[in-house]
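Here is a structure to walk through step by step. Keep the sequence and the 3D view side by side.

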Amino acid sequence: MTETIDALAGPVSGGGVVVLSGAGLSTESGIPDYRGPSGAARRHTPMTYQAFTRDADARRRYWARSHVGWRLIARSEPNDGHRAVTRLQRAGLVDGIITQNVDGLHTAAGGTGVVELHGRLDEVVCLDCGNATSREELDRRLREANPGFEAHVDAVNPDGDVDLPDAAVARFRTVDCTFCGTGVLKPDVVFFGETVPAPRVARCFAMVEAARLLLVLGSSLTVMSGRRFVLRAAKLGIPVVIVNQGPTRGDAYAQLTVDAPLGRLLPAVADRLVGAGAGAAGFGEVGAVPAGAAPVAL
Ligand SMILES: [Zn+2]
C-alpha cells in the first residue's frame, strides 16, 4: 500500500491535475458500477434516447423504475474518495474535475467547477419547450400521480434506474411538462445513443489540453465519451494516470495504472500531499484522518 500511495502521490504532487471520474468513484457511496468488477450486472438494456423519445411505453418504464431508483440516488452521500478529490482541489493540486457520473456527488463533497459530462439526475428538462425544473419537484408530482406506488427494488444502477416487475410498471402514471402543458419530460442526463452537448465537450477538451496530468478515477473508459479525453491527452504528450479496479480501455495510453479501492487510496494520497485534515478547514462534514494514523492497508 505504501508503494501504491507513493506511486500516485508522486505525479499528483506536481499539481495541474485534471480529474476524469467514473462510476467506480461512487460505488462506495452505494451506487453500483454495473461495468466494474464488483457491480451487479445490469439485467436489462439501458434506455436509449431513441426509445425514450419515440415510445411512450418505454418512457413509462423508465420513469417507473427511475421514480424508485431516484430515492436511492437522492439519499446517497459522497464518500472518502470524493472528499479526497476536494481536498486536493482546495490545496491547489487539482485544477479541474470532469465526471461521467450523474449523481452530483463531487459537488456535494464540496468540489467546485465540476463539469458533469453526462448531466445531472437531479435536473429535469422538457424536450418540447426546454423548460428546466428540479427533480424534487417532479418527484412530488409523480408521487401525487401514483399514490401508494410501491414495488420491490432489486438493484439500482448508476443512472438511477432500478429493476421493477412489469405489473408495477404497467400501472405507473407519467406526467408532462407544466410549463407548456404537453411536453415530454426527460432527466437532464445524456442517454445511450445521445451525444454530449458540443460546448460541454469543448470545455472538457480545453481543460485536458491545459492539464499537466490527466488523472482517471474509477472509469473503465468503455465509452468514447470519456475515453476521447485520454486519447487527446496522450496525443499531446500529457501524462495519463489511471486508478481503477480492473483493466480499462485507456491503459495502453497511461504512464501509470493503479488497481485499488478509491475510497481508501485517495484519502491516503491526500494525507500524504496535503497533510491529514489539512485542506478540510471550514468543511465540517469531512471526517479527517487524525495525524499519525496508521497507513490504510489495501
Ligand atoms: Zn414544456
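This is a predicted model: local features need pLDDT of at least 70, side-chain atom pairs count only at pLDDT 80 or more; totals for chains, interfaces and linings use all residues.

Residues are numbered from 1 along each chain as its sequence is written, and side-chain values use heavy atoms, with hydrogens and water left out.

Start with the zinc ion. Its protein donors (N, O and S atoms within 2.8 Å of the metal, or 3.2 Å for Na, K and Ca) are the SG atoms of Cys126, Cys129, Cys177 and Cys180, at 2.3 to 2.4 Å. The four donor atoms subtend angles of 106 to 114°, so the arrangement is tetrahedral (four donors, all angles between 85 and 135 degrees). Cys126 sits in strand E4 (119-126), while Cys177 lies in the loop between helix H7 (166-170) and strand E6 (185-189), 51 residues apart. Helices (H or I, at least four residues) and strands (E, at least two) are DSSP runs, numbered from the N terminus. Both Cys126 and Cys177 are buried (under 20% relative accessible area, 1.4 Å probe, protein chains only).

Now find Gln100. It lies in the loop between strand E2 (94-99) and helix H5 (105-108). Gln100 has a relative accessible area of 12%, so it is buried. Its side chain makes a polar contact of 2.8 Å with the side chain of Ser219. Such a contact pairs N or O atoms within 3.5 Å; within protein, one must be able to donate a hydrogen and the other to accept it, and residues adjacent in sequence count only if both atoms are side-chain atoms.

Ser26 counts as buried because its relative accessibility is 1%.

Conventions: Buried means under 20% relative accessible area, exposed over 50%, partly exposed in between (1.4 Å probe, protein chains only). Four donors count as tetrahedral if all angles lie between 85 and 135 degrees; four count as square planar and six as octahedral if opposite donors are over 155 degrees apart and all others between 65 and 115; anything else is irregular.
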